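User: I want to learn how to read a chain-to-chain interface. Can you take me through one?

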Number of protein chains: 2
Amino acid sequence: MEIVTKITKVTITPVAFASPPLLTAAGVREPYVLRAVVEVETDAGLTGLGETYGDEFHLSALDVAAAAVEGADVYRTEEIYYRIRSATAAGPASAPAPAPAPVPATAMPPGATAVVGGPAKSGLAADRAFSPIEVACLDIQGQAAGRPLGDLLGGPVRDEIRFAACLSYKWAAHPGGAGGKVAAPDPWGPALGPDSLVAQAKAMIDGYGFIAMRLKGGIFPPEEEIAAVHALRDAFPYHPLRLDPNAAWTPATAIHAARELDGVLEYLEDPAPGLGGLAEVAHAVATPLASSRRVVELAHIPPAVSTSAVRVILADHHYWGGLRRSMTLAGVCEMFGLGLSMHSSPHLGISMAALLHLAGAIPNLTYACDTHWPWKTEDVVNEPFFFADGALDVPSAPGLGVTLDRDALARLHEQYLACGIRNRDDTGYLRRIDPSYEWHEARW
Amino acid sequence: MEIVTKITKVTITPVAFASPPLLTAAGVREPYVLRAVVEVETDAGLTGLGETYGDEFHLSALDVAAAAVEGADVYRTEEIYYRIRSATAAGPASAPAPAPAPVPATAMPPGATAVVGGPAKSGLAADRAFSPIEVACLDIQGQAAGRPLGDLLGGPVRDEIRFAACLSYKWAAHPGGAGGKVAAPDPWGPALGPDSLVAQAKAMIDGYGFIAMRLKGGIFPPEEEIAAVHALRDAFPYHPLRLDPNAAWTPATAIHAARELDGVLEYLEDPAPGLGGLAEVAHAVATPLASSRRVVELAHIPPAVSTSAVRVILADHHYWGGLRRSMTLAGVCEMFGLGLSMHSSPHLGISMAALLHLAGAIPNLTYACDTHWPWKTEDVVNEPFFFADGALDVPSAPGLGVTLDRDALARLHEQYLACGIRNRDDTGYLRRIDPSYEWHEARW
């Protein structure tokens, strides 16, 4: 009795969910974050879910991928990968025109920026388009087996995943739309200096139980952010802290900052641009470095290791090519003796379920995973995840363990259609408010 | 509906199968090869099969592992790995005494020689004891899903696996037992020089369809083996050739030989002992090097790459820690741009099924797999594999796709009990026939 389960249909639904006005190294988060919900249907009647970024580059690659995988067997995910790689390399018949303006560095990790706005041209595009489809295929396989998805990766080695809070500088409210009207403030209030960040951290800890915390930096002059980290350390002496200046510093500034924060940070993420810059910083300071900008595919790891630039790798199945390739990444980290943490963009419950299964199955997950969770107040799943004690349980139901709330999906798709945002553009958003703002790397 | 499938019993049956008197760099193959058949039973009624080496070291580690995994869920193979790692690190209550004599280098890859004869003490011991149990667990998972095992590794990317013939210097017959009586000669006849090796190669090609061929060398003076390879090349101009002198050469000899064979070999396996020796050879010659002696766990790869010692990795799920870890190995090879081939010891149909599923699922398998197959004439499975066109199909039945022939298992177990061999000892066997023989590495 061989069960054949062929893909009959892949549906991609772009959605938008509300985001607070979080400041980033490239500007300000717009009022909505874009995501794509992927549904894979099979002739066996089972449907699987996946989720990824919802900008035009990813939607275009997903369209190509969806056509390429029709008729494929959901158990043959490597064949699916190669179908997608061939199809995205060829590109769609009518490729969208290249993006007219440079893309801010934070719009997506660096490997992808070269192809933004155009059809998928690289292995990376295949990795990104494959990821949500692989998740959906494994969701189906898990459902068919009556086992949680993580069991297809070797099974969980832990049942609870710890997360690190994402502390963010932010405005009280979005400036609003027509007429410059200011939108209603969110409950978090503004955070523009050490005191308000400490208050935000307290709310994160009290409300969600986080222990580790990561500050999104690269926004204010380095001395202000160093002071903020010291204030957090003083207020929370036993909470692991991370700082991500998002390549907004020169290597010299980064070395100065790392020395000022010596012994305070568990790791420092992307303190300077480029692998050379990271290596320069790494050789001068004791704090381990991580990078979600320069180490985002397997080919990046050997040079990162040989230059001793990073000691912590940030997994993220959305761009490391799905869940099984992320398990390979974990094996590579073990081989090199690298630390392993998990990067997180704003996302919904489908991606959260996938990353919980992954985090549960990785033996050498050496840090709490990053999450944007409390900043996200909407979802498309019937079983939204709620943090208690800074952790979430690995889902134990068959497959991914989440199901679609069709009303919520329709609402967030309407929100996508209505919001007018088609690509993340923190810089453009801030420039509409402050035309003098200019983004550039290594600002300080 | 979550299906829980707990291990209720692990049965380890040592078996012995007949082997021709193949000459090796450490002596001569004894009349029997030892293997261990592993059966994993579950409370769900499904049973899985695995197979590995049957010497005392492996049987001892398997006994420890079998006790450690009782009650474990067959879907939680990483938990099973950690149970085995803990248990083998602790060792059994009554450890066998250390082996009294040095072990020839070919008895098993180098990482393991330090613990031969004693209880399992290293990560490698865990990898080796885990491997057949993981195969059995995946066999069960595949059966439960109604899908071939390879689908649990991402599914096959090819349906047929090509193999390389193992050409061997050999005697006409084993010298026999009591009274020095010579056993009946096998149909292959003796092979002690170029002409008889060419005849052996012709029989391998005509009978089994092999294309690539590998000569087990390190036995006769290098000039004789170089002449044999040239004779093979002259007789078979279009057949890829490999040579494995099994570290019987000094680096200087290996460099001389590689230059004599420039352009003739697709790769040269273990031409000299030690990573330093391999690197010295690699830097001097154009032929890619491989090693099944110095690169047998993930931690060996970074130094092998940084010294440029090897360009081809030899996978073997028996010592690389099972099937999923072998998939990780494949990812590592892709990351480093290394070639990937597959090592093979003499084994039975259970291991053949496992390696076919693995070879089917590895995208970057860049060479035909090694096999000792035609030298093996007995088996324990109901569906023995027969070569046609030098290739075998990836099994398509659920799970491993093979079942135990209980009569054959009983017969080969009786053979194990009766043969008196408990550890592979090519050197001791040859010394009983020729007391002047002494084994040492880098003989020439």
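Analyst: Start with the salt bridge: a side-chain nitrogen of Lys or Arg within 4 Å of a carboxyl oxygen of Asp or Glu. Across the interface of chain B and chain A, the rule finds 4 salt bridges. In one of them, the side chains of B:D73 and A:R147 meet, N to O, at 2.7 Å. A word on the basis: this is a predicted model, where local features need pLDDT of at least 70 and side-chain atom pairs count only at pLDDT 80 or more, while totals for chains, interfaces and linings use all residues. Residues are numbered from 1 along each chain as its sequence is written, chains are lettered from A and ligands numbered from 1 in the order in which they are written, and side-chain values use heavy atoms, with hydrogens and water left out.

User: How many residue pairs are in polar contact between chain B and chain A?

Analyst: A polar contact is a pair of N or O atoms within 3.5 Å; within protein, one must be able to donate a hydrogen and the other to accept it, and residues adjacent in sequence count only if both atoms are side-chain atoms. Between chain B and chain A the count is 9 residue pairs, both partners at pLDDT 80 or more.

User: How many residues does each chain give to the contact, and what area do they bury?

Analyst: Contact means heavy atoms within 4.5 Å. Chain A gives 40 residues and chain B gives 40 residues. Buried area is the accessible area (1.4 Å probe) that two parts lose on being put together, summed over both. Here that is about 3100 Å², with 56% on carbon and sulfur atoms. On the chain B side, B:Y75, B:R147 and B:M335 lose the most area to chain A, together 21% of what that side buries.

User: Now a single residue. Is A:H372 buried or exposed?

Analyst: Buried means under 20% relative accessible area, exposed over 50%, partly exposed in between (1.4 Å probe, protein chains only). A:H372 is buried, at 9%. A polar atom of its side chain lies 3.2 Å from the backbone oxygen of A:S344.
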